[in-house]
Amino acid sequence: MSLRLATERPPETDANHRDSSPLAVRGMTVSYGQKPAIFSVDMTVEPGRMTAIIGPNGAGKSTLLKAALGILTPLAGAATVYGKPVEKQRHRIAYVPQRASVDWDFPTRVIDVVLMGLYPQLGLLGRIRPTHRARAGDCLARVGMEDFADRQIGQLSGGQQQRVFLARALAQDADLYLLDEPFAGVDAATEKAIIGVLKSLRDAGKTVVAVHHDLSTVTDYFDNVFLINTRRIAEGPVATTFVTANLQNAYGGRLAGAQMEALALS
Ligand SMILES: Nc1ncnc2c1ncn2[C@@H]1O[C@H](COP(=O)(O)OP(=O)(O)OP(=O)(O)O)[C@@H](O)[C@H]1O
Ligand SMILES: [Mg+2]
């Protein structure tokens, strides 16, 4: 007979692993109409890693992130963030939505957009102090946008706006960073700047999850990969998961065989 002492740690099980995961999604189904956009999706994000969510247009990548964040109500399933419901963990999450989903038709300065990232730390009646402005300025400098602090956000190019949203996410000082296509439509220099910032977050122990379209950079940029096409196709380390069979399952005939061979490691 084996009796376990109260102080003894329980053995590592799948459930323990899920509980400590920065983001764990279970049986998530979301439907906008008749057909589900995502169906019974499970995902367990590994802490301290950079994970790419990949899959074709309309695969449900943005829907998965929004449902996990509670922005969309799922038909079924649930998500936890560090083992707790997402509503209780908002302060630990920074989310950068897919570009063009925000319409800046009212005047807002760049510095004010970044300061929005600090609101949770300011409290309800908190005042913005010089230290907060300095911090927002630092975050802008990290993405190379310090010279644009007083510009109207609507007067920036798409790539410059993308950098500002990343600066706002940095200001939040979160543990989990969720980014929906952070490299969409940005030039090579901006892409380099953004990936540098994301890798430095990862190296500081943060967890980064990004929807990503460019299959040629997955191996360079990411540690893990999550493949989806309405259903979860596979997830795990890039070396073992970013492989031809999984890509074929996710993209079907949309990628030519030769392209697959060039991209996949095995
Ligand atoms: N607000 C909405 N109303 C109705 N259908 C929607 C809505 N948003 C998304 N869909 C549909 O749900 C499916 C998944 O969309 P989603 O935006 O999650 O895909 P995605 O993988 O992010 O695609 P992309 O790579 O183009 O960003 C698509 O078929 C899309 O047309
Ligand atoms: Mg999307």
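These are my notebook entries on a predicted model of one chain.

I number residues from 1 along each chain as its sequence is written, and chains are lettered from A and ligands numbered from 1 in the order in which they are written. Because the model is predicted, local features need pLDDT of at least 70 and side-chain atom pairs count only at pLDDT 80 or more, while totals for chains, interfaces and linings use all residues.

**Overview.** I looked up the secondary structure and found 11 helices and 10 strands in the chain. Helices (H or I, at least four residues) and strands (E, at least two) are DSSP runs, numbered from the N terminus. I then checked burial: 37% of the 266 residues are buried. Buried means that 20 or more other C-beta atoms lie within 10 Å of the residue's own; 12 or fewer is exposed, in between is partly exposed, and C-beta atoms are placed from the backbone. For contacts I take two residues whose C-beta atoms, placed from the backbone, lie within 7 Å. Among contacts between residues at least 6 apart in sequence, 65% join residues at least 24 apart.

**Core.** I looked up the largest nonpolar core, which has 71 residues. Such a core is a set of buried Ala, Val, Leu, Ile, Met, Phe, Trp, Tyr and Cys residues joined through C-beta atoms within 7 Å. Leu23, Leu64, Val114, Ala167, Tyr177 and Ile228 touch the most other members. Helix H6 (residues 158-171) gives the most to this core, seven residues. I followed up Leu64: beyond its neighbours within four places in sequence, it contacts Met28, Ile38, Val41, Ile53 and Ile228.

**Helix pair.** I fitted H5 (residues 130-142) against H6; their axes come within 8 Å and cross at roughly 130 degrees. That makes H5 oblique to H6. Axes are lines fitted to C-alpha atoms, for helices over the stretch in contact, with angles from 0 to 180 degrees between N-to-C directions. Under 35 degrees counts as roughly parallel, over 145 as roughly antiparallel, 65 to 115 as roughly perpendicular, and the rest as oblique.

**Open sheet.** I traced six strands in the order S6-S7-S8-S3-S9-S10, with mixed pairing. Strands pair if DSSP finds at least two bridges between them. S6 (93-96) and S10 (231-237) are the edges; each has a single partner strand, so one side of each lacks a neighbour in the sheet. The twist averages 15 degrees from one strand to the next. Inside, S3 (residues 50-54) and S8 (residues 207-211) run parallel over four bridges. Ala52 has Ala210 in S8 as its bridge partner.

**S1, S4 and S5.** S1 (residues 24-31) pairs antiparallel with S4 (residues 76-81) over four bridges. S4 also joins S5 (residues 84-85), antiparallel, by two bridges. The S4-S5 hairpin has two residues between the strands, and Tyr82 takes a positive phi near 50 degrees.

**Val81.** Is Val81 buried or exposed? Valine 81 is buried, with 24 other C-beta atoms within 10 Å. I place Val81 in S4. Leaving aside neighbours within four places in sequence, Val81 contacts Pro22, Leu23, Val86, Gln89, Arg92, Ile93 and Leu176. The C-alpha atoms of Val81 and Ile93, 12 residues apart along the chain, are separated by 8.6 Å.
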